[in-house]
Amino acid sequence: MDLMEKLTILSAAARYDAACTSSGVKRGPAAGGIGAAADMGCCHSFSADGRCISLLKVLMTNACAYDCRYCVNRRSNDVPRAAFTPRELAELTIGFYRRNYIEGLFLSSAVLRDPDYTVERMVETLRILRYEYHFNGYIHAKAIPGADPALLEIMGRLCDRMSVNIELPSEAGLNLLAPDKSRQAIFGPMGQIRDGITENRDAVARYRHAPRFVPAGQATQMIIGATPETDLQILRLSQGLYDRYRLKRVFYSAYVPVVENTLLPALDTKPPLLREHRLYQADWLLRFYGFRAEELLDEENTQLDIRLDPKCCWALRHPDFFPVDVQTADYRTLLRVPGVGVRSAKRIVSVRRTGFLRFEDLKKLGVVLKRAQYFLLCSGRAAPGLRMGEDTARRALLRLEAPSGCAGEQMSFFAPCER
Amino acid sequence: MTYVYDGTFSGFLCCVYESYVNREDPLFFRTPEEGELTLLPERQVFTDPAHWTRVYDSLDRRISPTARRLVEDGFLTCMEERERALLELIRLGYEAGPSVTRRLQDERVYRVFRAVRALRNEAEQYRGFVRFSEFDGMLAGEIEPKNRVLSLIAPFFHARLCGETFLLFDRTHREALLHSGGRWRILADVSFQMERADERERQYRQLWTRFYDTVAIAQRENPVCRRTHMPKRFWDQLTELQPENRVTPSSPASGRSPAVPAGRSVPGIPPVPGRTAPGSDPGNSAGG
């Protein structure tokens, strides 16, 4: 089989993995080697679905010993199988990297023979890259559940980010659709990686040249819409992962029906893209805006509002919190205003020291006034010509989200990529 | 008053110097090549190292390093009446001190801030969108930026391709970034013609294009989102969007098919050993 065919099969098999970022680690060039890593990552292209392409995202092989119902690579599915040899994959990565096509390698794999053998082949690829090509670019590797902890340890020293996919947001879903994977097999390696990172932080603090272990942290991914979990359950799970496992990112992947199975949604089901988008928005609120899952949803409202973004929803439910005065409110309060982001909140705090801010100035700072005007005061006054009231605000905000009145099919979703 | 200067950054700083020495308020700036006909009196400004270093140091000392960087980067932008805007900013800075870079309410500051933000954004985009081709071990690429981004992206490419010899040509401004022996410099007034790709180079282009096509999920197609992140003006510089790099798939395992490859084994692809992996016991491995 030639390289073109292998690449086609093995990148097609990897495309449902959402975790394709190259951020979180900064590293200069290696002497006599190639590559560096930029802290905020770098998008090299955007595919036809609008997602960022940052890494060469492939499977080592798609020949799998497992039989997970939702997965294209499951044993019982009759598809062409292929496998890279470690050397040809390393060479391909370097060839792409030199031409500035990619930021590095994202390497996952189906379970070939058994988890240990699979990880050994992945480790060999990374070893060739790091020690023969002296490649200093970004490497993201998937931990294969069930592999020997000693092998994961070696892998963690060769790559920048590791991830273990949760796959489904609940154990019931996992038992139903992925009978070969257990909750324990997923959280075991996740805990191991977390402890490795903590230990390594101590070592690096003590010895400057201590080898780094998973310096860009770990991530995970779960499939949305294949099983009946609520958004509240999903966000609680993510919050727990950020708190307890100190994950850098949780990726959500709208379920794309690729396999016919009575346990799964029908093949003509549309992937719940808008729901995925809302979950990402809520995820951002958890990580950067100081929100807790319980503030966004509760037992009465277990699903995020599809029509309105979660921050607007929260603001409309808390009229007592608003309006907020831009001149005096602290940074954390500003962050809770719809239409104000991390950058614009920082700019407001810096610019207001030089003079009073007017509404037209806020626009220059990157505030989205269309949303923020209902919640802000400048010099103690509301935006000129604005009619207040909870219901006017709600109706106006709804109109912003769906200008054509439809359910937002035409909306452009941000790509789940960098930062 | 119109100032005629050599078009370089140090030349511009000399204009700032002259405007203070002669107590003048120049409205227009041009280089000798730009033979614009104006009725205003003109002054020839010569680039004198003593003059521009004095202005350059004063930006740091009397305003702030942030302001100095804003002026330096502002000079690389494609902002309208660039020199005039920067001169106004510098004057305001001398009066107001370091806080000038925070005064975004002031139109004179905001104008430069906005242009520099656009420049830095474009530089960030080009970090990803530059495509190199290999010719006999050397790399070459072309870009077509609105702003003069080369000096901003040079450190990035220097870090990742430190041992390589490469050339990056800016078609808009006819400048080139040349990197060899671990050092880089920017050459002005360059003309450059890309060579024809050899067999190996073509193969890499085709592999990359195939990867690009395969990795997209058909059910999620979203042209608006793609254009937002990767505007069309970049497309003719991107390898993966050139039709000539797209080879027709030879097998039904094509990435263009909507979901799973058609479900039949392709003749000629031997089954990978261990495909059904009878030896693996998931129940066992879960415990490890």
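1. Which residues in H2(B) meet which residues in H3(B)? In this predicted model, Leu59(B), Asp60(B) and Ile63(B) are the residues in H2(B), and they meet Pro65(B), Ala67(B), Arg68(B) and Val71(B) in H3(B). Sorted by class, the contact of H2(B) with H3(B) comprises five nonpolar and two charged residues, with no polar ones.

2. Two packed helices are described by the angle between their axes and the distance between the axes. Helix H2 of chain B covers residues 49–63 and helix H3 of chain B covers residues 65–74. Their axes come within 7 Å and cross at roughly 140°. Angles over 145 degrees would count as roughly antiparallel; H2(B) and H3(B) are therefore oblique to each other.

3. Chain A calls for a separate description, by domain. Domain 1 of chain A spans 3–296, and domain 2 of chain A spans 310–401. Taken over C-alpha atoms, the centres of domain 1 and domain 2 of chain A are separated by 37 Å.

4. The contact between the domains of chain A involves nine residues of domain 1 and seven residues of domain 2. On the side of domain 1 of chain A that touches domain 2 of chain A, helix H8 (273–288) and helix H9 (293–296) of chain A each supply at least two residues. H8(A) gives the most to this side, with five residues. By class, the side of domain 1 of chain A that touches domain 2 of chain A has five nonpolar residues, together with two polar and two charged ones.

Methods:
Residues are numbered from 1 along each chain as its sequence is written. Chains are lettered from A and ligands numbered from 1 in the order in which they are written. This is a predicted model: local features need pLDDT of at least 70, side-chain atom pairs count only at pLDDT 80 or more; totals for chains, interfaces and linings use all residues. Domain bounds come from an automatic or database domain assignment. Two residues are in contact if their C-beta atoms, placed from the backbone, lie within 7 Å. Helices (H or I, at least four residues) and strands (E, at least two) are DSSP runs, numbered from the N terminus. Ala, Val, Leu, Ile, Met, Phe, Trp, Tyr, Cys and Pro count as nonpolar, Asp, Glu, Lys and Arg as charged, and the others, Gly among them, as polar. Axes are lines fitted to C-alpha atoms, for helices over the stretch in contact, and angles run from 0 to 180 degrees between N-to-C directions. Angles under 35 degrees count as roughly parallel, over 145 as roughly antiparallel, 65 to 115 as roughly perpendicular and the rest as oblique.
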